[in-house]
Amino acid sequence: IFKTLDGNKFHLHFLMDHYSKMILGYKSENSSSGKAIRDLISESYTKLKPNKVQFLSDSGTENVNTMVSHFLNSVEKPIQHLIAQKTVAFSNSMIEAFNKTLKHQFLYPKHPNSKKQLEILVQESVEIYNHQKPQMSLGGNTPKETFYGKTIEFSFYTKNFHAQKVVRIEQNKKTNCVKCNE
C-alpha cells in the first residue's frame with residue numbers, strides 16, 4: 001500500500017520470479033485485488049509459456065480467493081499455489097524485500113502526489129530494478145540477466161563493487177534528498 005501526497009492510497013501488486021527476482025508484472029489498484037493477481041499471473045503465463053509453475057504468496061485475500069484459484073486450476077498445466085508459512089515452511093520474503101526497496105529507495109524520496117506520478121515512478125523503478133540494479137544474491141547479475149540465463153558468478157559482484165558504488169552515488173545525487181546530494 002502506498003499513499004500519495006494527494007491523500008489517496010494505492011495497492012501495488014507485483015509478480016516476481018522467485019529464482020531470478022525479476023518483476024514479471026505489476027498493477028496499481030485502488031484496493032487489494034484478486035483480479036489484479038489473477039491478471040498478473042495470467043499475463044505472465046501467456047507471455048512466458050512455462051513448463052511448470054508454482055505460485056508462492058502470503059495468505060492475503062488478494063492471493064487466496066476463488067478468482068485466483070479458478071485461474072490456477074484452469075490452465076493446461078495447473079499452477080500449484082504455495083502459501084508461505086502455511087503450506088510451505090519458507091516465506092515470501094523476496095517480494096517483501098522488493099516492496100521495501102521500492103518504497104524506500106524509489107518512491108518515498110520522490111514524493112509522488114498523484115496516481116499518475118506514482119505509476120510513472122513504479123514503471124521507472126521496475127525498469128531500474130530488473131535491468132540495472134545488480135543483486136548480491138545473484139552474484140552481481142541483474143534480475144533480467146539471471147532470468148534469461150546468465151550464470152551466477154559470486155566473485156563478479158565483489159570484483160566490480162567499487163564501480164557499482166560509484167553508479168549508485170551518482171543516482172542518489174539526482175534525487176531531491178539534501179543528504180544524498182552532499
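A salt bridge here is a side-chain nitrogen of Lys or Arg within 4 Å of a carboxyl oxygen of Asp or Glu. Keep that in mind as you click around this predicted model, where local features need pLDDT of at least 70, side-chain atom pairs count only at pLDDT 80 or more, and totals for chains, interfaces and linings use all residues. Residues are numbered from 1 along each chain as its sequence is written, and side-chain values use heavy atoms, with hydrogens and water left out.

Start by selecting glutamate 119 and lysine 115: they form a salt bridge, with 3.9 Å between the closest N and O atoms. They sit 4 residues apart in helix 4 (residues 115-131), so about one helical turn separates them. (Helices are DSSP runs of H or I, at least four residues; strands are runs of E, at least two; both are numbered from the N terminus.) Glutamate 119 is partly exposed at 35% relative accessibility, and lysine 115 is partly exposed too, at 28%. "Partly exposed" lies between buried, under 20% relative accessible area, and exposed, over 50% (1.4 Å probe, protein chains only).

Next, pick glutamate 43 and lysine 27, whose side chains meet in a salt bridge (3.2 Å, N to O). Glutamate 43 belongs to helix 1 and lysine 27 to strand 3 (residues 23-29), so this pair ties together parts 16 residues apart in sequence. Glutamate 43 is partly exposed, at 43%.

Now jump to helix 7 (residues 161-173), where lysine 173 and glutamate 170 lie 3 residues apart, about one turn of the helix. Then select Lys35, Arg38 and Asp39, which salt bridges with shared partners join into one network. How many salt bridges does a search of the whole structure find? It finds 6.
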